[in-house]
Amino acid sequence: MVNMTSKEIRQSFLDFFASKGHKIVPSAPMVVKGDPTLMFTNAGMNQWKNIILGNDPIKYPRIADSQKCLRVSGKHNDLEEVGHDTYHHTMFEMLGNWSFGDYFKAEAIAWAWEYLTEVLKLDKNRLYVTVFEGAPAEGLQRDDEAADIWAKYINRDRIIDGNKHDNFWEMGDTGPCGPCSEIHIDLRPDNDRAKISGKDLVNKDNPQVIEIWNNVFMQYNRKADGSLEPLPKKVIDTGMGFERLCVAVQGKTSNYDTDVFQPLLKAVGQICNCEYGKDTKTDIAMRVIADHIRTIAFAITDGQLPSNAKAGYVIRRILRRAVRYGYTFLGQHSAFMYKLIPALIENMGEAYPELKHQQVLIEKVIKEEEDAFLRTLETGIRLLDKVMNDTKKMNRTEISGVDAFTLYDTYGFPLDLTELILKENGLTLNIDDFNTEMQKQKERARNAAAVETGDWIILREGETEFVGYDKLECETHILRYRKMVTKGKEFYQIVLDKTPFYAEMGGQVGDTGILVNGEESVEIKDTKRENNLPIHIMTKLPIDVTTVFIAKVNAKRRAAIEANHSATHLLHEALRELLGTHVEQKGSYVSPESLRFDFSHFQKVTPDEIRKVEHVVNQKIRENIALEEHRNVPIADAKAMGAMALFGEKYGDNVRVIRYGSSVELCGGTHVKATGNIGMMRITSESSIAAGIRRIEAVTGEAVEHMMDDMQNMQNTVRELFNNTPDIITAAQKSLEESVVLRKKIDTFMAERAMQLRDSMLLRAEEINGVKVIRHIGNEMPEMYKNIVPHFKGKFADVKFMFVVGTVYEGKPTLTVFLSQPMVNAGFHAGNMVREAAKYIHGGGGGQAFMASAGGKYAEGMDEAVDKIIDFIK
């Protein structure tokens with residue numbers, strides 16, 4: 001075994017496969033964009049999925065990389081278990097090598113063995129391999145080919161048969177699949193190995209007998225009916241867990257003991273004043289935090305901010321889990337995780353320079369999320385306190401699982417923290433009720449997302465040619481189609497051999513239009529991108545799917561989309577020019593109606609700045625700058641032209657460059673031929689969507705015209721209110737000043753009227769069971785009694801006194817009750833009284849023990865409501 005740092009191990013893998021003729025490529029972003037089937041890269045093969053499916057051409061038949069991955073579900077990857085063991089993670093690096101129709105099992109096995117035993121010098125006697133044992137029911141035989149190859153390097157008694165669950169890999173319910181062969185290593189001490197053979201512990205969840213490398217031999221395609229057919233080009237897909245490999249090479253027994261995690265654990269200890277290895281619960285919390293900070297930071301650099309939807313919700317959930325462990329077990333009741341970013345950059349910034357580049361943004365986003373969740377925890381604790389008090393009042397010791405689920409689902413309050421607080425207060429939780437509610441939620445989510453997909457019906461072989469940059473209609477044929485059912489509705493997906501329809505990608509919505517054949521015209525409702533295929537979505541198929549068609553894009557809609565998309569480019573440049581070069585695009589959405597642009601900036605954009613941005617953009621529009629489009633430009637040349645590559649985006653070797661004068665961007669979307677076609681741009685809103693991230697929404701062209709029409713109409717209406725005066729502002733100011741004077745006169749009159757009412761009511765005071773009572777029913781404004789209550793509060797401070805007033809003002813009944821302190825001390829509660837009496841006016845209300853009010857809808861019940869209040873003291 002050699003002595004290597006994690007950085008050296010990573011580089012040695014890449015160097016080894018480069019020597020075997022592999023193209024070394026950078027990691028794809030961990031956050032997946034443009035693939036509706038996947039939110040995160042969860043395996044090394046994700047970025048090669050389109051090649052494996054045959055949708056993209058094979059540029060390099062041999063590839064190797066180290067890929068950032070994220071898993072929070074599936075085998076051994078339940079988020080709630082991460083940190084409780086020492087070898088599973090949310091984010092991890094996957095070392096991998098691939099062959100697309102080039103080498104197969106013999107070379108993959110030979111090179112895996114060579115790298116592990118000759119380069120890394122791992123002990124051959126500690127290694128075991130598995131091969132697929134076969135599945136006769138599906139007509140699959142044992143993978144004797146792989147077993148025979150392995151027998152050249154390792155004794156047959158160390159070759160273990162594995163079942164379909166462990167040793168047959170499938171991309172999904174349909175698609176490429178095949179047997180796989182895992183390499184496991186036994187890291188136990190020699191005395192333990194002498195007692196029990198490592199062979200008996202393979203795939204038995206022993207933390208010291210672990211899988212380090214999986215070689216997948218893709219040789220079949222699974223069809224929708226479950227049957228298998230041979231793949232035309234076989235694929236090798238291997239994945240080796242980088243963190244586990246470091247354990248084996250560095251002679252450790254835990255991933256967290258390697259130099260991948262030790263710097264982070266030490267930083268956690270310094271910030272939280274704790275030490276790893278001293279206490280089990282503390283260790284779990286420190287592992288959770290060290291693991292999760294990596295995931296959160298990399299997600300933010302890849303453009304995924306914490307939010308309440310989809311991928312953003314996953315990141316928020318991971319961050320909150322880490323904060324909660326710090327809160328509960330490390331005593332961290334204020335934001336602390338953002339302080340770990342410098343340690344993370346020191347450890348991983350060399351391999352992933354985007355961390356350093358985005359440091360300020362990462363820290364700001366994490367701190368704001370921490371602060372928000374800590375406030376949520378305080379709110380949850382207060383709500384839980386109320387639930388516990390109510391439970392104790394009913395002489396019960398078990399709280400409802402429904403209440404706990406509401407805390408969890410609505411307020412984000414963690415279940416285990418609920419259980420911990422309950423235990424400290426001598427209470428328990430009905431966990432069965434909680435699980436039932438959780439299952440109901442999962443069923444609702446599953447039903448909402450359920451999609452039935454049929455097999456592709458292939459009419460012609462071929463690939464789609466996109467011609468939509470140059471034309472909006474073309475002659476075409478259907479290559480393939482399939483039926484889909486979602487939420488009870490039928491749709492058809494079709495793939496054309498040539499299409500002018502832009503498929504949704506990069507924030508730009510997909511085109512709509514029609515497919516025409518003679519008299520028949522079938523509507524294309526949307527165009528999506530799936531596995532890099534442009535998918536045209538229709539509610540019905542043409543009568544004859546084999547004939548020639550004319551594909552026509554909705555030209556007016558496309559023009560509006562293009563205007564908005566090109567405007568985002570001009571907007572981006574204007575923001576960088578006026579606010580600073582720290583401004584970077586963090587997201588966009590372009591539709592026919594409007595545009596949305598998210599960007600990094602650490603303070604609100606002022607109204608004056610917004611106006612200046614509009615002026616700069618509209619000046620560029622008036623200049624009518626012609627589009628310069630450059631296709632298939634080498635990425636280095638594109639950057640030399642001034643185009644800025646965005647972190648979190650995956651670019652190929654060749655890119656498309658869009659230039660309007662000094663505005664230069666890498667972009668695959670559709671654009672106006674000259675900026676004058678945009679017409680005009682107006683910003684409609686500016687807001688914050690996360691720490692350090694601002695959002696601008698705007699409209700262009702015809703939408704600006706409509707907006708200005710609305711503003712003009714509103715201005716005319718307001719002018720009419722002021723007798724068509726030419727100076728509306730002066731007239732409005734004068735009206736406001738007159739209103740202030742009148743309000744003061746009304747307040748004076750109200751105060752005088754209140755004093756008259758007070759004196760009148762004092763003369764009508766009565767005594768009931770030792771309580772001085774004033775009751776009044778009238779039609780005054782309820783606010784009038786605000787001036788009366790303080791007088792009564794002072795006058796009757798030391799005696800039992802109750803003031804009950806019912807008013808019906810403008811048809812709306814309002815009930816108000818005031819009790820003196822001696823009444824409260826005697827056990828009376830105004831809020832409870834009002835809550836009960838409000839039923840008579842068909843309303844509700846409440847308040848404090850000494851004062852409460854209620855509103856209703858049934859004025860005729862006011863006498864009964866007041867009588868009900870009086871009944872409380874009789």
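Author: Let us begin with handedness: a crossing of two helices is left-handed if the near helix is turned anticlockwise from the far one by less than a right angle, and right-handed if clockwise. In this model, which is predicted, helix H1 passes helix H3 in a right-handed crossing.

Reader: At what angle do H1 and H3 pack, and how far apart are their axes?

Author: Helix H1, residues 6-18, and helix H3, residues 105-119, pack at an angle of about 135°, and their axes lie 11 Å apart. Because of that angle, H1 counts as oblique to H3.

Reader: Which residues make the contact?

Author: From H1 come Ile 9, Ser 12, Phe 13, Phe 16 and Phe 17, while H3 contributes Trp 111, Glu 114, Tyr 115 and Val 119.

Reader: Now to the strands: in which direction do E31 and E32 run relative to one another?

Author: Strand E31, residues 766-768, and strand E32, residues 771-778, run antiparallel and are joined by three bridges, with Glu 767 having Lys 772 of E32 as its bridge partner. Their hairpin has two residues between the strands, and Asn 769 takes a positive phi near 50° there.

Reader: How many bridges join E32 to E33, and how does the chain cross between these strands?

Author: Seven bridges join E32 to strand E33, residues 801-809, and this pair runs parallel; Ile 774, for instance, stands opposite Phe 803 in E33. The chain leaves E32, passes through helix H22, residues 789-795, and reaches E33, forming a β-α-β crossover that is right-handed.

Methods:
Residues are numbered from 1 along each chain as its sequence is written. This is a predicted model: local features need pLDDT of at least 70, side-chain atom pairs count only at pLDDT 80 or more; totals for chains, interfaces and linings use all residues. Side-chain values use heavy atoms; hydrogens and water are left out. Axes are lines fitted to C-alpha atoms, for helices over the stretch in contact, and angles run from 0 to 180 degrees between N-to-C directions. Helices (H or I, at least four residues) and strands (E, at least two) are DSSP runs, numbered from the N terminus. Angles under 35 degrees count as roughly parallel, over 145 as roughly antiparallel, 65 to 115 as roughly perpendicular and the rest as oblique. Contact means heavy atoms within 4.5 Å. Two strands pair if DSSP finds at least two bridges between them. A crossover is right-handed if, with the strands pointing away from the viewer, the path from the first strand over the helix to the second runs clockwise.
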